[in-house]
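Thanks for coming. I will walk through one model this morning, starting with a term and then going from the whole chain to single residues.

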Amino acid sequence: MLRFLSPAALLLLPVLALAQRPATPAPNPGPQTAQPRTVAPGPALSLQEAISIGLENNYGIRIAQRDEQIARNNVTRGNAGQLPTVNGNFTRNYTINNVRQEASNRPEPSVAQGARSNQLNGNVALTWTVFDGLGMFIAYDRLRTLEAQQQQFTRATVEQTVADITDAYFAVVRESGKIRAFEEALKIGQARIDLTQAQVSVGVAAKVELLTAQVDFNADRSALIQQQELLATAKVNLNNLLARTPTTDFSPADSIVVRNTLVREAVLQGIQERNTQLQQARLGVDIANFDRRLVTASRWPQLNVTSGYGLNRNVNGAAFFGGNLITNTGRTQGFNYGLVASVPIFDGFNRRRLEQNARVAIEQSKLRLDQTQLNVASAAEQAYLQYQNRLQLLQLEEDNIRLARQNVAIALERYRLGLLTPLALREAQRNQLNAEARLLDARFAAKQAETVLRQLSGELVQEGR
């Protein structure tokens, strides 16, 4: 029996030699914020730092802030017509006339060639509307409402920018995580090549298995290069939102952490209280009401107080006294004041037309408000369903990734012992790579759903920002 067992023992010696090698560590790409080995290191950038840079530099926010400043500057008593207007006027005229004057008591006409005259007129005039059917007070309240509406528009721009920056930042985190997953796949592929090379060297494996392992390794390298391009594109997108040079390099310092504590009732309450779209629509109804009240106020009489001080000096070089040409100089100066009342009587039914249009505008603004409420409620319901569904998918993928990593570790060890085919090892490796990608995508999708809910409820940007 020993003679028959000896050849079998000789055949098992290479396998036993491979079994003496240390076990391959379990594959694990590491934490999300770990720097990929195949990506050049850049300065660390946290999400809060990215948002701060974006709020300061983003062009959309800066334009909206300038519009808000214009709306704020328009809220004045003078712009509403409550303050008087004072104008200073100055006129100086020069004339050169040829004069021919005839009289019945003179046989010959009086003629003057090139007679020069000049006139000086200067005055300061004040006009103050003291009553216009309370239109000036309505106009002032309308200007304040327009300012509040522009503030809501600026806030909406800020919220959208913060949401875009958040998504772009975590997109960089996701693409970095996928690169680390590919790096881990390359480590497994290299270990497979080494084991196969050893098996080929001792004659227990064919060279075709080594060539297949090298082909699979190169395929993973190709996928890694493509993933590096996706990471670079994600960084360019984030730099664009931050108004930075596209080539500015950085490394994300925050990982994707999803809040699972958002409650439907709290979200709906936040929407009613802080949602910018609803606030703008409600202010639009107020503005339409102010427009109608302004038309109604125009039906009332308007009373203006006028006052001024004037100086008039006239030098006439073409004046005749009898038959003699003389220069006549006159000067008038003094203070004037008075009241001007304007009563609208008939304007071709234009005010009635304006009132009808104002009522239609009020109904239109109310319809917009109802539509906005419906759209926001639908968006909130859809976002909350996506949020809950993606949380479940995230939990499933987190459980699945542990199984996939454990499966690859066992498969690699069995392959090292010669108990598993290369095809089965490759399949386990692909399953783990796909599980890593699905986990990162699930985290990113869940974070997006959370961001949308916080944006709808007005929680994404604090009031003081």
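When I say that two residues touch, or are in contact, I mean that they have heavy atoms within 4.5 Å. What you see is a predicted model.

First, the chain as a whole. It has nine helices and six strands. Of its 465 residues, 38% count as buried. Among contacts with a separation of 6 or more, 84% are between residues 24 or more positions apart.

Next, confidence. The average pLDDT of the chain is 86, and 88% of the residues score at least 70.

Now to helix α2, residues 47–57. Its buried residues are L47, A50, I51, G54 and L55. Seen down the axis of α2, these residues fall within an arc of 130°, so they line one face of the helix. What do the buried residues of α2 pack against? The partners are the strand β1 (44–45) and the helices α3 (59–74), α4 (135–202) and α5 (207–241).

Helix α4 also holds R174. Is R174 buried or exposed? Its relative accessible area is 18%, and the cut-off for buried is under 20%, so R174 counts as buried. R174 touches I256, L440, D441 and F444, leaving aside residues up to four places away in sequence. Take D441 from that list: R174 and D441 are 267 residues apart along the chain, yet their C-alpha atoms are separated by 7.1 Å.

On to the pair α6 and α7. Two packed helices are described by the angle between their axes and the distance between the axes. For α6, residues 264–274, and α7, the angle is about 35° and the axes are 6 Å apart. Their crossing is right-handed. On the α6 side the contact is made by I271, Q272, E273 and R274, and on the α7 side by T276, L278, Q279 and R282. By class, that contact has two nonpolar, three polar and three charged residues.

One of those residues, T276, deserves a separate word. T276 sits in helix α7, which covers residues 276–297. T276 is buried, with a relative accessible area of 5%. Not counting residues up to four places away in sequence, T276 touches Q152, R155, A156 and E159.

Last, two backbone angles. Most residues other than glycine have a negative phi. A243 has a positive phi, near 55°. A243 is in the loop between α5 and β4 (251–252), and at 29% relative accessibility A243 counts as partly exposed. F349 also has a positive phi, about 65°, and is not a glycine. F349 lies in the loop between β6 (324–342) and α8 (350–416). With a relative accessibility of 48%, F349 counts as partly exposed.

That is what I have for today.

Conventions: Residues are numbered from 1 along each chain as its sequence is written. This is a predicted model: local features need pLDDT of at least 70, side-chain atom pairs count only at pLDDT 80 or more; totals for chains, interfaces and linings use all residues. Side-chain values use heavy atoms; hydrogens and water are left out. Helices (H or I, at least four residues) and strands (E, at least two) are DSSP runs, numbered from the N terminus. Buried means under 20% relative accessible area, exposed over 50%, partly exposed in between (1.4 Å probe, protein chains only). pLDDT is the predictor's confidence in each residue, from 0 to 100. Axes are lines fitted to C-alpha atoms, for helices over the stretch in contact, and angles run from 0 to 180 degrees between N-to-C directions. A crossing is left-handed if the near helix is turned anticlockwise from the far one by less than a right angle, and right-handed if clockwise. Ala, Val, Leu, Ile, Met, Phe, Trp, Tyr, Cys and Pro count as nonpolar, Asp, Glu, Lys and Arg as charged, and the others, Gly among them, as polar. The arc is that of the directions from the helix axis to the C-beta atoms.
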